[in-house]
Amino acid sequence: MGGARTALFNWLYARRNSGTFILRIEDTDAERSSADMVAGILDGMKWLGLDWDEGPGIGGPHAPYFQSERYDRHRAAAASLVADGRAYYCYCSAERLRQERERAEARGVAWQYDRQCLNLSAARIAELEAANTPRATRFKVPPGKTAFDDVVHGRIEFDGDHIEDFVIVRSDGHPIYHLSVVVDDIDMEITHIVRGDDHISNTPKHVLLFTALGATLPVFAHVPLILGADKKRLSKRHGATSVMEYERQGYLPDALVNFLALLGWSPGDDREIMSRRELIASFALEGITGSNAVFDVAKLDWMNGQYIARMPLEQLTNAVVPLLVRDGLWPAGASVDDWLLRLIELLRPRAKRLTDFVDQARPFLVETVEYEQQAIHSHLKVPHLSEHVTAVARALRDVVPFDEPHLETAVRQTAEQRDIKAAPLIHATRVAVTGRTASPGLFEVLVLLGRERTVARLEQLAAFLATQT
RNA sequence: GUCCCCAUGGUGUAGCUGGCCCAACACGCUGCCCUUUCAAGGCAGAGACCGCGGGUUCGAAUCCCGCUGGGGACGCCA
């Protein structure tokens, strides 16, 4: 989600300023990168409607857009840095570095590379090379301060003493992320880097590289992180993490985009429900807050409900149908008819997520309903209810026309004739046709269900009640 | 431990060129209305001495310092 929000900010900024939104896949780490992961990112972006102007699938003047296909450029840049004396080879073994780090940690101190390989003699280097010792490439961090102006945080300064001589090319020849991003950003003519706050401490390294490579600095904007309800960084523990998981849970892309845009950013006024157009028109990096934001599912649900409430009925129905099909409640390929449209409209004010429709539509789409335990307890413990229900069934069999006012009159009259209140009869009828304690207005439900099913279910309940006593 | 970022009610934000703020909007929460239930909707309300402590000033949520708290980064990961 954090990544999606960051992508959204980038997209909004590019669209607002008629810029170019470039999608580059940073798959430098073979172990963590996979086709699945990439597909997940692309699917998520597409679903959210964050279209890119250059990148995977569509290409562009700065191709290729997979970082792993740009290694040669990265290595060339590293070589030039070594040639310029701005980087050097490091022959230290991973084992040695690990031990040093552990030793330092045991003392509660942070360890930085000790520059053992910075001043190796020519003879020593020749010796190591002759022995075919694996070598990594390290950037030689110059003394003094490194600073940059961040659009959301202002000026941020780091002391060179706190930046170690970081590796830019591994001993196996693979470039490290820091080198790759900077080289690619330069090559791709990136003007604005909008990314998560967690990169802020990497930025001085990047600034150093931009400078060493003779490039001008892009604009940096580090956006705050999204936290879970426990104020910890959003992760698997907090439930859904991937964008597509939210689709599965019944959220609308427009609602999620709107919600995400308001996490850490505000247009400066009180607007909350904002279309993409409005979002784009109002977006500015300056409106991004500096503090982390907690992801509040309750508010997302509310917002999704707002979008459901405002969606054109046909569009909404078309979005729900696949879910109904998935649950076997609606035949695949069947066309949307007027009856379905009316059902969706009836359920609409009660739905926060698309999946709510599935649950609520069930009684209308299955042959026989099951009575909830709670419903039996609350509404079926009425004396002589079986006979009452039978009477209702009989009354409704003859109601003409089978519409709300006539149905209501019929039920109320039945109650009157049997000298009981209407409420218990209405509740029992609800249980008969839906099996539940809660549903949309009963008479609307009956109309939608139709005479045949209504009467059948009432008789069914009467029979059920008869066996209970 | 070191470095960096942040700090307005439970949550997201507005206000932050100081006075219009004994703090606004939204979600959530509570109650009422509507009502056959559940929602939706309408109305009302509770909830923040603007993290704490010092300054500066006639006056500070708004400026400065310290503290505390939260978060992030400290990898031949990205």
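Visitor: Helices are DSSP runs of H or I with at least four residues, strands are DSSP runs of E with at least two, and both are numbered from the N terminus. Where is histidine 384 found?

Guide: The model is a predicted one. In it, histidine 384 is found in the loop between helix H15 (373-379) and H16. Its phi is positive, about 60°, although the residue is not a glycine.

Visitor: Is histidine 384 buried or exposed?

Guide: Histidine 384 counts as exposed because its relative accessibility is 56%, and the cut-off for exposed is over 50%.

Visitor: What about aspartate 419: what is its phi, and where is it found?

Guide: Phi of aspartate 419 is near 60°, a positive value in a residue other than glycine. The residue is found in the loop between H17 and H18. At 68% relative accessibility, aspartate 419 counts as exposed.

Visitor: Which helix holds arginine 397, and what does this residue touch?

Guide: Arginine 397 lies in helix H16 (residues 385-397). Leaving aside residues up to four places away in sequence, arginine 397 touches Arg451, Val455 and Glu459. It counts as partly exposed, with 39% relative accessibility.

Visitor: Turning to the backbone, which peptide bond is cis at proline 401?

Guide: The bond from valine 400 to proline 401 is cis, with omega near -5°. Proline 401 lies in the loop between H16 and helix H17 (404-417). The bond from alanine 63 to proline 64 is also cis, with omega near 0°, and proline 64 lies in the loop between helix H2 (35-48) and helix H3 (71-83).

Visitor: On to the rings. How many aromatic pairs does the structure hold?

Guide: The structure holds nine aromatic pairs. In one of them, tryptophan 111 and tyrosine 113, the ring centres are 6.4 Å apart and the planes stand at 85°.

Visitor: Why is that pair of tryptophan 111 and tyrosine 113 edge-to-face?

Guide: The planes of the pair are at 85°, and planes over 60 degrees apart count as edge-to-face. Both partners are buried: tryptophan 111 has a relative accessible area of 18%, and tyrosine 113 has one of 5%. The charged end of arginine 138 sits over the ring of tyrosine 113, 3.6 Å from its centre.

Visitor: How are phenylalanine 139 and phenylalanine 166 paired?

Guide: They are stacked, 5.4 Å centre to centre with 25° between the planes. The pair links distant parts of the chain, 27 residues apart: phenylalanine 139 is in strand E2 (residues 136-139), and phenylalanine 166 is in the loop between strand E4 (154-159) and strand E5 (167-169). Phenylalanine 139 and phenylalanine 166 are both buried.

Visitor: Which polar side-chain atoms lie 2.9 Å or 3.4 Å from a phosphate oxygen?

Guide: One on arginine 412 lies 2.9 Å from a phosphate oxygen of RNA strand B, and one on serine 266 lies 3.4 Å from a phosphate oxygen.

Definitions and conventions. Residues numbered from 1 in each chain as written. Chains lettered and ligands numbered in written order. Predicted model: local features only at pLDDT ≥ 70, side-chain atom pairs only at ≥ 80, totals over all residues. Heavy atoms only, no water. Phe/Tyr/Trp six-rings, centres within 6.5 Å; stacked < 30°, edge-to-face > 60°. Buried < 20%, exposed > 50% of the residue type's maximum accessible area, 1.4 Å probe, protein only. Lys NZ or Arg CZ within 6 Å of the ring centre and 35° of its normal. Polar contact = N/O pair within 3.5 Å; in protein donor to acceptor, adjacent residues only side chain to side chain. Contact = heavy atoms within 4.5 Å.
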